[in-house]
Amino acid sequence: MNILARIGAYFLLMGKVFRLPDRQRTFWRQYSNELEKQGLQSLPIVVIISLFIGAILTIQAKINTENPLLPTYTTGLLTRETLLLEFSSTILCLILAGKVGSNIASEIGTMRITEQIDALEIMGVNSANYLILPKILAFVTMMPFLVIISIAIGLVGGWGVGAFTDVITVADYLTGIQYAFNPYFIWYGIIKALVFAFIITSMSSFYGYYAYGGALEVGKASTNAVVRSSIVILFADLLLTKLLL
Amino acid sequence: MIEINDIVKSFDGSTVLNHISASLEDGKVNMIIGQSGSGKTVLLKSIIGLHIPDEGDILYDGRSLTAMKEKDLRLLRREMGMLFQGSALFDSLSVIENVKFPMQVFSDKDEEEMEQRARYCLQRVNIPEHVFHLMPGEISGGQQKRVAIARAIVLEPKYLFCDEPNSGLDPRTSLVIDQLIKELTEELGTCTVVNSHDMNSIMEIGDNILFLKNGVKEWQGSRQDIFHSDNEALDDFVFASNLYKEVKRTHLLHQQ
C-alpha cells in the first residue's frame, strides 16, 4: 500500500469506527474493560518513569544552573516546566506508544489473522466500531489522569532529590516549583496528550486491523504501529506547540 | 436458496473466479470442492460478501447481495452462521461466552434465556458441561470446531457456511463434525455451504456438489452422480487415491 492509499484507508477505517454502537450495553462493557487495560494497567510504568525522570531532571537542572547570578529556586522551576510542557505529555505518550500501541496492534492483528474479525463481520457486527472505538475512547478518557499523575509523581521525584541528597535544599525546590506558575501549561499538556492518545490508539488499531499473513506480519504491524505513531506524535507536538503556546 | 449468477472475481489482473453460476439449495449440504488454488475460498468469501464480485450477482432468496446497502448487508449477515477453518473463537471469551456472543449483540433475550440457549446449543454439539467455562485455548481442536458450530447455530441461521470444517482434525473427529453438519442442516432446514477438499466429507455428506478447477465451474451434481460422471478433471480429483478408484469400481460393478 503506498502512502496515499494508506492514509485513505486510515480515514475510511475511522469512518467505520466512529458510528453509534449497535448495543450500548456491549459497548460500555468493552469500554470499561479498556479503561482498565489501557489506562489502569499503564499506571505502574507511568509512576516509575515519572518518579525517576523527575529526580534526574532536578539533578541535571541543578548542574546546568550552577551560576551565582541565577536564583537558587531555578532548579525547581526548570524541573516543573520541563515536566509540564514536555515530559508528562509528549515523552510519556512516546513511551505509552510502545506499551499501549504494540498491545493494541498485536491484539487486533492476531484477531485478523485468526479470522476472528471475519467472524464478527459475518455475524453482522461492525468489527471496526466494536473493537476500536472502546479502545480509542478509553485511552483518551484515561490520558488526562495519567498526565496529571505523571506531573505530580515527577515533582515528587524532584523533591526526593532535595530530601535525600545534598544537590538542592527542599525549601529551594519547593519555592522553584511554585514560582511564576502558569496553570495554562497544565491544560497545554493535557490537550497535547489527548491528541497523542488518539494518534496512538487509532494508528495502532489501523496497523493491526490491516495485518495479514501470520505471526511475523503481526509482529511487523506492531513495530510499524509504534514507530509510525511516534513519528506522527512528534509532528503533532510541533504543530500543537506552535498553535497553543 | 442462494443463487450465484455468472460471477467474476479478479485480483491484480489475475482472474480467480471465471463466470461461475450455481444454485445452492435449502435443507441440503452444498459442497464446493476443488484442488488448492481452484478458487473455493474466494467463491465462499464472495458468497458471504467478504469479497465483492467484479461481475455477476449473488441472490439470497431473491435479495441481491451486490446491490445491498451496508445496513441491509449487515441485516442479512444476521441470518448467516459461519464455521471458520481455524474455528475463529474469540480468545478473550470463555466457551459459553463465545456462544452467547451473537445473542448479546443481536437478541433481546435476558441473561437467563441466553444462558439456557447457549447451554442447549453446546449440548446439541456434544460439548460436556465442564468445558463450558474453559477458554478456547484450553480445549482440543475438535471441541473448538464444535463450539464454533454451536456459535454459528445459536441464532438459528437460514444460511450456514463452513470453510474446511475438517482441516487439522483426525478422521474420527472429522466424521463427527460431518455428521453434525448434516444433522443440523436437516434439523434447521438451512442452506448449508461447505468448502472442502476432504474426500470422506464429500462422499459422506455432499448433497449438491460444485466442482471448481482453475476458477471455472467444471461440474455440478450429487455424490451419486460422481460415480457416473465422465468429466475427466472431476475423475482426476475425486478418484486420485487408489482407495477411491476401488470404491468407484466396486460401485459400478455393484450397479451392473
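Exposed here means over 50% relative accessible area, and buried means under 20%. The legends below describe close-up views of a predicted model.

View 1. The side chains of A:Arg23 and B:Asp108 form a salt bridge, with an N to O distance of 3.0 Å. A:Arg23 sits in the loop between helix H1 (3–17) and helix H2 (24–39) of chain A, and B:Asp108 in the loop between helix H3 (95–106) and helix H4 (111–124) of chain B, so the pair joins two chains. B:Asp108 has 73% relative accessibility and therefore counts as exposed. Over all chains, the search of the whole structure gives 27 salt bridges.

**View 2. Salt bridges with buried residues in chain A.** A:Lys192 and A:Asp237 meet through their side chains in a salt bridge of 2.8 Å, N to O. This pair links distant parts of the chain, with A:Lys192 in helix H8 (residues 184–209) and A:Asp237 in helix H9 (residues 215–244) of chain A, 45 residues apart. A:Lys192 is buried at 0% relative accessibility, and A:Asp237 is buried with a relative accessible area of 8%. A second salt bridge pairs A:Arg112 with A:Asp118, whose closest N and O atoms are 3.4 Å apart. The relative accessible area of A:Asp118 is 11%, so this residue is buried.

**View 3. The largest nonpolar core.** This core holds 98 residues, of which B:Ile2, B:Leu43, B:Tyr60 and B:Phe161 touch the most other members. Helix H6 (residues 127–164) of chain A contributes the largest share, 14 residues. In chain B, both domain 1 (1–79 + 159–168 + 179–221) and domain 2 (88–156) give residues to the core, so it lies between them.

**View 4. Surroundings of B:Ile2.** Neighbours within four places in sequence are left aside in this view. The contacts of B:Ile2 then include B:Ala22, B:Ser23 and B:Leu24, as well as B:Ile47, B:Ile58, B:Leu59 and B:Tyr60. Further contacts of B:Ile2 are with B:Tyr159, B:Phe161, B:Cys191 and B:Val193.

**View 5. A nonpolar patch on the surface of chain A.** The patch is formed by A:Ile48, A:Leu51, A:Phe52, A:Ile56, A:Val156, A:Trp159, A:Phe164 and A:Leu174, which together have about 780 Å² of accessible area. Helix H3 (43–64) and H6 of chain A each supply at least two of its residues. H3 of chain A gives the most, with four residues. A:Leu174 belongs to helix H7 (residues 170–178) of chain A. With 33% relative accessibility, A:Leu174 counts as partly exposed.

**View 6. Non-glycine residues with positive phi.** A:Ala180 is not a glycine, yet has a positive phi of about 50 degrees. A:Ala180 is placed in the loop between H7 and H8 of chain A and, at 55% relative accessibility, counts as exposed. In chain B, B:His19 has a positive phi of about 50 degrees and is likewise not a glycine. B:His19 is located in strand S2 (residues 14–24) of chain B. At 42% relative accessibility, B:His19 is partly exposed.

Notes. Residues are numbered from 1 along each chain as its sequence is written. Chains are lettered from A and ligands numbered from 1 in the order in which they are written. This is a predicted model: local features need pLDDT of at least 70, side-chain atom pairs count only at pLDDT 80 or more; totals for chains, interfaces and linings use all residues. Side-chain values use heavy atoms; hydrogens and water are left out. A salt bridge is a side-chain nitrogen of Lys or Arg within 4 Å of a carboxyl oxygen of Asp or Glu. Buried means under 20% relative accessible area, exposed over 50%, partly exposed in between (1.4 Å probe, protein chains only). A nonpolar core is a set of buried Ala, Val, Leu, Ile, Met, Phe, Trp, Tyr and Cys residues joined through side-chain atoms within 4.5 Å. Domain bounds come from an automatic or database domain assignment. Contact means heavy atoms within 4.5 Å. Patches are made of residues with over 30% relative accessible area and no salt bridge: like charges are joined within 9 Å, nonpolar side chains (Val, Leu, Ile, Met, Phe, Trp, Tyr) within 5 Å. Accessible areas come from the Shrake-Rupley method with a 1.4 Å probe; for residues, only the protein chains shown count as cover.
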